[in-house]
Amino acid sequence: MAAPREREALSAWLAESTELLLSALREAGPDRGCWTWWGTSQSSRTSGGVARHRVQETAVHTYDVQLTLGAPRPLPDEVALDGAEEFLSSCCATTSAWPHKPAVFDFHATEGRSWRLTTDGDGARFTRLPATGADPETAGVSVRGTAGELVLFFYDRIPADSLRVDGDAGLLDLLRAWEPED
């Protein structure tokens with residue numbers, strides 16, 4: 001069914017569609033396998049994985065609305081911390097070969113969490129780094145900001161120069177331009 005164009009009807013349609021999705025996810029339970037667009041990533045291909053991703057999409061699109069209204073607010077910390085990890089596991093992790101020289105990307109949230117994305121001929125894999133950090137010499141590029149800023153960067157809402165970038169910033173351009181084949 002096509003979305004209505006009239007404002008009140010569209011709001012009602014969105015609320016009804018959201019309730020249908022929530023009901024289906026509750027009925028299925030978080031561990032039930034289901035189709036996902038993220039294929040061979042490291043994210044769970046379950047209804048719980050879908051629900052987790054929807055939270056992130058909703059947070060980013062809420063930011064879009066706030067930005068349009070001229071009143072953008074930071075993403076909630078808990079949502080953003082999970083969002084950085086969810087993006088790396090769903091949108092970056094893949095078995096498609098990285099078409100460039102192997103590279104390591106480190107992402108550090110000021111709230112205390114860090115992640116590493118390793119890319120090579122076997123694809124891309126993410127890991128959460130220990131609280132003590134990791135050897136900064138290993139990373140080709142290291143990106144620092146709040147978890148919310150990292151998420152907004154991942155979803156192309158803010159530019160890299162909004163964050164602290166150490167190392168080869170050109171690697172970020174390669175990562176953003178990469179379109180894995182799986």
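Here are a few friendly notes on the predicted model above.

1. Ground rules. Residues are numbered from 1 along each chain as its sequence is written, and side-chain values use heavy atoms, leaving out hydrogens and water. Because this is a predicted model, local features need pLDDT of at least 70 and side-chain atom pairs count only at pLDDT 80 or more, while totals for chains, interfaces and linings use all residues.

2. The sheet. Five strands make an open, mixed sheet in the order β3-β2-β1-β4-β5. Strands are DSSP runs of E, at least two residues, and helices are runs of H or I, at least four, numbered from the N terminus; two strands pair if DSSP finds at least two bridges between them. The edges are β3 (123-129) and β5 (164-167), each with a single partner strand, so one side of each has no neighbour in the sheet.

3. Strand β4 (residues 141-145) runs antiparallel to β5, joined by four bridges; S142 has D166 as its bridge partner in β5. D166 also forms a salt bridge with R164, the closest N and O atoms being 3.0 Å apart (a side-chain nitrogen of Lys or Arg within 4 Å of a carboxyl oxygen of Asp or Glu).

4. Helix α2 (residues 47-68). R54 and E57 both lie here, three residues apart, and their side chains meet in a salt bridge of 2.3 Å, N to O. Another salt bridge, at 2.7 Å, N to O, links D64 and R157. D64 is in α2 and R157 in the loop between α4 and β5, so this pair ties together parts 93 residues apart in sequence.
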